[in-house]
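Please read the following report on one protein chain with its sequence and its model at hand.

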Amino acid sequence: MNNKLKNFLETGRIPHGLLFIGESNELMSAAAELSKTMLCEKSNTEACGECPPCKKVQNSVHPDIIYVKNRMPDEKYKIEALRHIISEGSIRPNDGDLKIFIFSDVSTMTALCQNTLLKFIEEPLPFNRFIFLSETTSGILETVLSRLVRVDFGSEKKYGDDYTEIIPVLEAVVNALVNKNEYKAAAAFSGISDRNKMSMLLKLLSEVFRDSLMYKNDVAYPQSLYKKGAENLSKTAGTKNILQASELISEYLNQTDFNPNVKLSAAIYAGGIFTAIIENK
């Protein structure tokens with residue numbers, strides 16, 4: 001078991017919310033092992049593997065461990081389904097003293113879904129524990145990250161598997177904003193027809209805007225995937241414009257779940273962001 005987790009168990013101070021970062025398969029195994037230890041009747045530091053709760057965990061039938069993504073329609077996080085999970089959190093555990101909610105692939109959760117969980121994880125009932133699993137922190141809201149204790153299992157996979165397809169689009173959008181070319185910005189956005197990829201584009205674009213503000217303030221520690229574009233944008237767009245565009249992206253990310261027509265959304269997003277960047281203040 002991870003040394004940080006061992007220390008939590010040995011001191012009896014397990015945070016109510018944990019974020020495991022690493023490879024998906026390893027994270028799920030680690031979450032199951034930690035859950036088994038927390039529910040074990042014979043030991044508080046290492047699961048015995050023999051008591052009834054341990055055997056139920058091993059057979060994936062323990063009623064007080066909720067694998068949240070498995071409860072979602074098509075295993076995709078949805079607001080209404082998450083609200084049912086939150087309601088379930090108000091019911092006391094069936095077998096023991098704790099009820100453990102395991103959220104896998106958290107980085108795929110939309111901003112609106114994450115916001116739905118904020119109060120649930122910020123003000124937990126005494127018997128609730130949360131384990132969030134993700135290969136990357138990219139896409140996880142700061143408001144969520146700040147409420148969880150991070151535990152690393154190997155190196156972080158900063159971006160998802162599809163991000164390489166998004167980079168040319170990202171570069172085209174940023175270059176169009178730098179050159180104040182609305183047509184090219186719209187054309188670049190129109191190349192995205194998948195909702196998840198649109199969310200990824202918006203998140204990566206938000207990182208470019210963040211880096212642009214850093215360049216403007218002579219804090220040269222860029223982390224986005226298009227650093228040169230961020231530097232160029234810092235020279236052509238005002239601080240207030242970049243901040244306004246960043247706020248728009250946050251709004252757009254909250255809307256992606258409710259916009260079935262991705263092509264139409266792309267046109268709206270391109271127009272809104274372009275206007276925010278070039279508008280005179």
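A residue is called buried if its relative accessible area is under 20%, exposed if over 50%, and partly exposed in between, with a 1.4 Å probe and protein chains only. The model is a predicted one, in which local features need pLDDT of at least 70 and side-chain atom pairs count only at pLDDT 80 or more, while totals for chains, interfaces and linings use all residues. Residues are numbered from 1 along each chain as its sequence is written, and side-chain values use heavy atoms, with hydrogens and water left out.

**The chain as a whole**

The chain has 12 helices and five strands, where helices (H or I, at least four residues) and strands (E, at least two) are DSSP runs numbered from the N terminus. Its C-alpha atoms fill a box of roughly 65 × 40 × 30 Å along the principal axes, and of the 281 residues 47% are buried. Contact here means heavy atoms within 4.5 Å; among contacts between residues at least 6 apart in sequence, 69% join residues at least 24 apart.

**The sheet**

Two strands are said to pair if DSSP finds at least two bridges between them. Five strands form an open sheet in the order E2-E3-E4-E1-E5, with parallel pairing. Strand E2 (65-67) and strand E5 (149-153) stand at the edges with a single partner strand each, so one side of each has no neighbour in the sheet. Ignoring direction, neighbouring strands of this sheet are turned by 20° against each other on average, with axes taken as lines fitted to C-alpha atoms (for helices over the stretch in contact) and angles running from 0 to 180 degrees between N-to-C directions.

| Strand pair | Bridges | Residues standing opposite |
|---|---|---|
| E2 and E3, parallel | Three bridges | Ile65 and Ile100 |
| E3 and E4, parallel | Five bridges | Ile102 and Ile131 |
| E1 and E4, parallel | Five bridges | Leu18 and Ile131 |
| E1 and E5, parallel | Five bridges | Gly22 and Phe153 |

Helix H5 lies across E3 and strand E4 (128-134), running at about 135° to E4.

Gln114 has its place in helix H5 and is buried, with a relative accessible area of 1%. Apart from neighbours within four places in sequence, Gln114 is in contact with Val106, Met109, Gly139, Ile140, Leu141 and Val144.

Tyr269 lies in helix H12 (residues 262-278) and, at 1% relative accessibility, counts as buried. Between Tyr269 and Pro73 there are 196 residues of separation in sequence and 27 Å in space, C-alpha to C-alpha.

**The second largest pocket**

On a 1 Å grid over the protein atoms alone, a cavity is a set of points where a 1.4 Å probe fits but cannot get out, whereas a pocket is an open set with protein on both sides within 12 Å along at least five of seven lines, and lining residues have an atom within 4 Å of a point. Grid points are joined across faces, edges and corners, and a volume is the space filled by probe spheres set on the points. The second largest pocket holds about 660 Å³ of space. It is lined by 23 residues, of which Gly139, Ile140, Leu141, Glu142 and Ser206 are the closest to its centre.

Helix H5 (111-122), helix H6 (142-145), helix H9 (195-216) and helix H11 (239-255) each supply at least two lining residues of this pocket, and H11 gives the largest share, five residues. By class, the lining has six nonpolar, 12 polar and five charged residues, where Ala, Val, Leu, Ile, Met, Phe, Trp, Tyr, Cys and Pro count as nonpolar, Asp, Glu, Lys and Arg as charged, and the others, Gly among them, as polar.
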